[in-house]
Every structure is written in structure tokens, then in C-alpha cells.
Amino acid sequence: MKVAPSILTADFTNLKEELESIKNADYIHLDIMDGHFVPNISFGPAISKKISENTDIDLDVHLMVWQPLFWVPKFAFKRTKYITIHIESDDVKETIEAIKELEIGVGLSIKPKTPLKDLYPYIKKADLILIMTVEPGFGGQSFMEDQLTKVKELVKYREKNKLDFMIEVDGGINDETIDACREAGVDIVVAGSYIFNMKNRKEGIESLK
Ligand SMILES: O=C(CO)[C@@H](O)[C@H](O)COP(=O)(O)O
């Protein structure tokens, strides 16, 4: 199991030390919110660039924005491994091509109320599928276990169609919800408050792994 701490719950006045405290993470997850696609505003390209310059861990960028086509190039740092967009947002096909042009992994995400079948027209282009296990917008919410049905279906779909995308879940991940994720076949978990509320974040990451 790979672990991607979400920096959203970190102390932004102390970012350098916060990054130091999660050095054993597989990816750093950046939650980018525009205040329209979700009812919250987080941080943008300037802070993300600083993060990318102060870590040697690959970045997993999650765009919760209506117009990802405009924003994608602004998050194309040397360390950007994936840029994930929502299929509920605008210009999905064009944005997938724009991410590929930048030679960055394409991530596709769906909100809890969006059926999995809406993903299938784009799925062959995906390097990563992100299943939201909370309504996007805020850290610290409860895990929606019913969303793991989508994960189980994706595992079967991937095998049947000989695809190789990673399956990621995001929201409400902790030491109680991790086992169900593993059993369902999740490859990467995003965890924010569970890790950042711990004194020893490295141990928190190891325990999820
Ligand atoms: O994308 C989001 C929220 O929109 C997530 O990345 C959360 O920030 C995860 O936080 P926890 O549920 O782990 O506190």
C-alpha cells in the first residue's frame, strides 16, 4: 500500500518542518480547490511550487476546480507525478491530452454521488483513478465505506481489460478504515488529518503501509 499524505491539514506557517516530518511518504498529495467546484479554497501554484522545491518526494496533484485546462500547466513541476482532474469538471478530454503532452500521469477522479460508469469513456487514458471516499472540499470527514464497491469493480475492470492504472482513495483514511481499503484492492491511500494530527507522522505513515 502506498501512502500519500494530504498537505491540506499541515501547518502552513511551518511547511519546511511539516515536509520533513513525512519524509517516508510515497507521494505528497496537493489538494487544489477553487471555491466553485468545491465550497472551499485551499492554495495554488505559488505554494505548490515552494513545496516541490523543498521535497524529493513525487507530487500527486488533485485539482478540485471547474476549469482544469487552465490550471494544469501551472502545476507541472519537475516532481509532479500525477495530475488528477474530476470528470464532473469542464473540458475533460482536452485536459487529459494537455496532461499527457506535459508527460505527467493522468489521474481521473469522481465524487461519491457520480456513478463509476461515467468514468468508462475516459478510463483507457488514465494512469490513476481516484475514488473520493468523502465529499470533496474538507479534511477530517468520515469515510464512506460504500465507495469501496467502486474500487472492487475497478479492480475487476482493470484485469478484464488488461489496463494498468493505479487505484487511489481519498478521505477519512485512518487505522480503522485502512484494512477495508486494502481488502478492496486500493493501491494508494491519501490521508490528511490522521497523519498530520499525529506526533510521529513517520510512524503513522508506516502503520498505514
Ligand atoms: O481531497 C480531500 C478533501 O477534499 C482530501 O484529501 C482530504 O483533505 C483528506 O483529508 P482527511 O479526510 O484524511 O482528513
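Modeller: With contacts. Two residues are in contact if their C-beta atoms, placed from the backbone, lie within 7 Å. Take D170: leaving aside neighbours within four places in sequence, D170 is in contact with L130, M132, T133 and V190. Two ground rules follow. This is a predicted model, where local features need pLDDT of at least 70, side-chain atom pairs count only at pLDDT 80 or more, and totals for chains, interfaces and linings use all residues. Residues are numbered from 1 along each chain as its sequence is written.

Colleague: Is D170 buried or exposed?

Modeller: The general idea is a count of neighbours. A residue is buried if 20 or more other C-beta atoms lie within 10 Å of its own, exposed if 12 or fewer, and partly exposed in between; the C-beta atoms are placed from the backbone. D170 is buried, because 25 other C-beta atoms lie within 10 Å. Across the protein chain, buried residues make up 45% of the 209 residues.

Colleague: Which strand holds D170?

Modeller: Helices (H or I, at least four residues) and strands (E, at least two) are DSSP runs, numbered from the N terminus. D170 sits in strand 7, residues 166-170. The protein chain comes to eight helices and eight strands. Its radius of gyration is 16 Å, close to the 17 Å that the globule rule gives for 209 residues, so the chain is as compact as a globular protein of that length. That radius is taken over C-alpha atoms, and the rule is 2.2 Å times the number of residues to the power 0.38.

Colleague: Which positions does UniProt mark as "active site"?

Modeller: Read such labels with care: UniProt positions are given in the numbering used here, feature names are shortened, and annotations may be inferred rather than shown by experiment. The unreviewed entry places "active site" at D31 and D170. They are spread over 140 residues of sequence, yet cluster in space, with a largest C-alpha distance of 10.4 Å. D31 lies in strand 2. D31 is buried, with 24 other C-beta atoms within 10 Å. Beyond four places in sequence, D31 contacts S6, L8, S42, H62 and M64.

Colleague: And where does UniProt put "binding site"?

Modeller: At H29, D31, H62 and D170, again from an unreviewed entry. These positions span 142 residues in sequence, yet no two of their C-alpha atoms are more than 10.4 Å apart, so they gather at one spot. H29 is in strand 2, and H62 is in strand 3, residues 58-64. H29 is buried, with 26 other C-beta atoms within 10 Å. H62 is buried too, with 28. Not counting residues up to four places away, H29 touches A4, P5, S6, I7, D60, H62 and V190.

Colleague: How many residues surround the ligand?

Modeller: A residue is near a molecule or strand if its C-beta atom, placed from the backbone, lies within 6 Å of it. Here 22 residues surround the ligand, the closest being S6, P136, G139, G192 and S193. Strand 2 (27-33), strand 8 (188-191) and helix 7 (193-196) each supply at least two residues of this shell.

Colleague: What about the largest nonpolar core?

Modeller: A nonpolar core is a set of buried Ala, Val, Leu, Ile, Met, Phe, Trp, Tyr and Cys residues joined through C-beta atoms within 7 Å. The largest has 62 residues, and those with the most contacts inside it are I83, I129 and V189. Beyond four places in sequence, V189 touches M1, V3, V169, I173, I178, C181 and L208.
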